[in-house]
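This report covers one protein chain.

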Amino acid sequence: MAPDPAIDLRARAREVVAAERYVVLATVSPEGVPWSCPVWFAHDDLDAFYWLSRPGRTHSVNVAHQPRVGMVAFDSRQPTGVGLAVYASADAAVVPDGDLDDALAVVSARSLAHGGGAWDRARISSTPLELFVARPVELWLNPGLGTDERQRVPDA
């Protein structure tokens, strides 16, 4: 399906991502077994998606094995057939120490906006959590027009 020229796909994808608090993360185990789970996320525009997780969790172990992940952010309260969602294929990893302060600033701002607490090095070091980042390789939008036709979101 050709993209609808009346829809700014990147702007619409930003709206969908900004409105959601959870993304479904899809990973694969070393044995090839798929695993998906919802994770609360923060984002830096459409360029980086962050989440906190314990190192031993299934999705954390899977990311260490296979960093390519799938993600979808969607409003599950939409009526049947609307399908408004942003899909991504992304490369994921634990945030490197050199990037941690900037990443925690993004996470902290989103957490505070959602009624949570601030995140900084002191807080993350006092928990058994690691901060992960997924950087999209490709993004798609199902614009919620009553069809199930994903449209590729152009790069910035």
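## Nonpolar cores

In this predicted model, the largest nonpolar core holds 27 residues. Trp51, Val69, Met71, Val86 and Ala134 have the most contacts inside it. A nonpolar core here is a set of buried Ala, Val, Leu, Ile, Met, Phe, Trp, Tyr and Cys residues joined through side-chain atoms within 4.5 Å. Two or more residues of this core come from each of helix H1 (9–19) and strands S1 (22–28), S2 (34–40), S4 (48–53), S5 (68–74), S6 (85–94) and S7 (130–142). Another core lies apart from it, with 13 residues, including Ala48, Leu104, Val107 and Ile124.

Met71 is in contact with Val23, Val24, Leu25, Phe49, Val86, Tyr87, Ala88, Ala90 and Ala134, leaving aside neighbours within four places in sequence. Contact means heavy atoms within 4.5 Å.

## Val72 in strand S5

Val72 lies in strand S5. Val72 counts as buried because its relative accessibility is 15%. The cut-offs are under 20% relative accessible area for buried and over 50% for exposed, with partly exposed in between (1.4 Å probe, protein chains only).

Not counting residues up to four places away in sequence, Val72 touches Val23, Val24, Ala85, Val86 and Tyr87. Leu9 is 63 residues from Val72 in sequence; their C-alpha atoms are 15 Å apart.

## Fold and dimensions

The protein chain has four helices and eight strands. Their order from the N terminus is α-β-β-β-β-α-β-β-α-α-β-β. Helices (H or I, at least four residues) and strands (E, at least two) are DSSP runs, numbered from the N terminus.

The C-alpha atoms fill a box of roughly 45 × 40 × 30 Å along the principal axes. Of the contacts with a separation of 6 or more, 65% join residues 24 or more positions apart.

## Burial and surface

Buried residues make up 38% of the 156 residues. The accessible surface is about 8,300 Å² (Shrake-Rupley, 1.4 Å probe). Carbon and sulfur atoms account for 54% of that surface.

## Conventions

Residues are numbered from 1 along each chain as its sequence is written, and side-chain values use heavy atoms, without hydrogens and water. Local features need pLDDT of at least 70 and side-chain atom pairs count only at pLDDT 80 or more, while totals for chains, interfaces and linings use all residues.
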